[in-house]
Structure formats: C-alpha cells, structure tokens
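Trainee: I have a new model open and would like to go through it with you. Can we start with how you sort residues by type?

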Amino acid sequence: MNVTWTESISQILGWAYFVLWSLSFYPQVLHNHRRRSTDGFSIDFALLNVLGLSAYAVSNACFLSSPVVRAQYAQRHPQSPEPTVQWNDFVYALHGALICCWIGSHFLCARFWNFDSKPQRASILALVVFWGCLGVVPLAVLWVLVSASGEWIDVVYVIGMIKVFLTAVKYTPQAVMNYRRQSTAGFSIGAILLDLSGAILSLIQLVLDSSLQGDWSGAVGNIAKLLLGNITVLFDLIFIFQHFGLYREVSAENKPRLSERDALLGNRNEA
C-alpha cells in the first residue's frame, strides 16, 4: 500500500475515533438532564473518569510538545523515533476531561441543575484510588531528580499508566451497580456503543502507524493507547452483555406514565 495513502487512512481513523469517543460523553449528559437525575449512574465512575482523562491529556501533551521527552523517546526507539501519539489523542483527552467535569457537577450541584436524585457519595475505595494515583506522580518526579538513571519520559509513562489503571478500575463500580440493581436503567448504553466503536478504531490506527514505521515497538512505546483500547473494548462488551442480555428490560422511565384519572378508571374497570 502506498505510504501516502496509509498515512491518510491513519489520519482518518484518528479523527474518526476522536469524533466517536468525543461524542460518547454526551449521551450520559443528555440522559441525566432528560431524567433530571443521576440515579443508576455511579459517582465513582464519574470521579475516576475525570482524573484518568486529565492524566491522559497531560501525557499526550508531553509527547507532542516536550523536546526533552521526544528526544528521550527517540533514543529508546531509534528505528521509529517519532511517538505514535497524535494531536487528536490530546484534543480528545482534554475535551473528555472537561465534559466529565460537567457530569461531575450533576452530583455535586444537583440543586443547581434541578435534579431529583438520591444522594451519592464517592466510596472510600474510590477516594483511595484517586489520591493514590495523584500521589504517584510526585514520587516519580522525585525518583528522576535523585536517580542517575531516571528520565523525564518515565514520569510521562507513569502519568499515562494512571489513565490505563483508572480505565481498568473505573468501569467496575458501574458494572457492580448494574449487578446489584439488576438493571442498567440510568446508564446510557448509547455512550458505550460509541465508546466501543472508538476503541476499535484507535487500536486499528495504532497498528497501522506501527506498520507504517516498520517497527512494532511503536505500539509498545505508546503503551497507554494500546492498553487503553483493549481494556475499553473488554468492559464495553461487558456492559453491552448486561444491557442487552442479562438485564434486558423496558425501563420504567420509558413506560407510559399513568395519570390519577387513568388509575381511577383502571380501578373502576377492575371492580
């Protein structure tokens, strides 16, 4: 395949998954506003998502704009010195972090949004994970400062792995909430379908970029994107199975609501 065409396809894939992943944030936002409630949506999921996307944005920004990090990457990957991180990776992460802050405000400022939701508090385990991930970053910086073998790219990798770790962890509270409620009502399946499509295109782009360079270490060099796509696919399939298989139902919010008159008529007919 012509190199120019391959590069063009890579760019198309990159912006296609950027659009899909970016759009995947909105179904839950609209779902919450339409229901005026966050019931059925896990606050732990929302909290960890904010930190994960923020970490991913910082990691991508460093690979794209830091001369030091890019030079150290080239030294470690001489056969493919250009990082496989794309600008759409950064824009996606930054946009996602902002939208997740908006979703977080649904929990923190329910009165402002005029939501009628059952109060939710982040679990102790989620808070431990949140502050533990933040605490790892200064430790990585300290290691670079005091160690002769430490490099700043290692700090960037640590920040990127925070996103990977949180992606593996953040879905669990929502999956457990669905299991306990025996329902996916309140959790937008549209967001998951868009998320899954974006993850698949992201992995295809990464493989294509690595093959274009003729060096598969490019995929490993962008370990955050590689693991992120695979973990996302796994959990999205779990949610799809929960929604369309285990807990397939017509949710109460989609059923026609009976008025008082309807109820009285129904009672009279039964009589």
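Mentor: Ala, Val, Leu, Ile, Met, Phe, Trp, Tyr, Cys and Pro count as nonpolar, while Asp, Glu, Lys and Arg count as charged. The others, with Gly among them, count as polar. Keep in mind that this is a predicted model.

Trainee: Which of those types do the residues of the lining of the largest cavity divide into?

Mentor: The lining has 12 nonpolar residues, four polar and three charged. That covers the 19 residues that line the largest cavity.

Trainee: Which of them lie nearest its centre?

Mentor: Ser24, Phe25, Phe45, Asn49 and Asp195 do.

Trainee: And what volume does the largest cavity have?

Mentor: About 250 Å³. The count of cavities of 30 Å³ or more comes to two.

Trainee: Which helices each supply at least two residues of that lining?

Mentor: Helices H3 (43-65), H5 (87-108), H7 (152-181), H8 (189-213) and H10 (223-246).

Trainee: Stepping back, how many helices and strands does the protein have?

Mentor: There are 11 helices and zero strands. As for burial, 47% of the 271 residues count as buried. Among contacts with a separation of 6 or more, 82% are between residues 24 or more positions apart.

Trainee: What is the mean pLDDT of the protein?

Mentor: The mean is 83, and 85% of the residues reach 70 or more.

Trainee: Where does pLDDT stay under 50?

Mentor: Over residues 250-271. The model has five contacts beyond four places in sequence for that stretch.

Trainee: Which residues of H6 are buried?

Mentor: Ala126, Val129, Phe130, Cys133, Ala140 and Val144. The buried residues of H6 pack against H3 and H7. On spacing, an α-helix has 3.6 residues a turn, so residues three or four places apart point the same way.

Trainee: Another isoleucine, then. Is Ile192 buried or exposed?

Mentor: Buried, because Ile192 has a relative accessible area of 4%. Ile192 sits in helix H8.

Trainee: What is Ile192 in contact with, leaving aside neighbours within four places in sequence?

Mentor: Ile192 is in contact with Phe187, Asp236, Phe239 and Ile240. Phe239 is 47 residues away from Ile192 along the chain, and their C-alpha atoms are separated by 7.4 Å.

Trainee: Where does Asn88 lie?

Mentor: In helix H5. Asn88 counts as buried because its relative accessibility is 1%. Not counting residues up to four places away in sequence, Asn88 touches Gly14, Trp15, Tyr17, Phe18 and Gln205. The C-alpha atoms of Asn88 and Gln11 are 9.0 Å apart, and the two residues are 77 apart along the chain.

Trainee: And what does Ala61 touch, not counting residues up to four places away?

Mentor: Ala61, which is in helix H3, touches Ser66 and Phe90. Ala61 counts as partly exposed because its relative accessibility is 23%.

Trainee: Changing topic to the backbone: what is the phi of Asn114?

Mentor: Near 60 degrees, a positive value in a residue other than glycine. Most residues other than glycine have a negative phi. Asn114 is found in the loop between H5 and H6. At 52% relative accessibility, Asn114 counts as exposed.

Trainee: Where does Gln182 lie?

Mentor: In the loop between H7 and H8. Gln182 also has a positive phi, about 55 degrees, although it is not a glycine. Gln182 counts as partly exposed because its relative accessibility is 43%.

Conventions:
Residues numbered from 1 in each chain as written. Predicted model: local features only at pLDDT ≥ 70, side-chain atom pairs only at ≥ 80, totals over all residues. Heavy atoms only, no water. 1 Å grid on protein atoms, 1.4 Å probe; cavity = no way out; pocket = protein on both sides within 12 Å on 5 of 7 lines; lining within 4 Å. Points joined across faces, edges and corners; volume = space filled by probe spheres on them. Helix = DSSP H or I, 4+ residues; strand = E, 2+ residues; numbered from the N terminus. Buried < 20%, exposed > 50% of the residue type's maximum accessible area, 1.4 Å probe, protein only. Contact = heavy atoms within 4.5 Å. pLDDT = per-residue confidence, 0-100.
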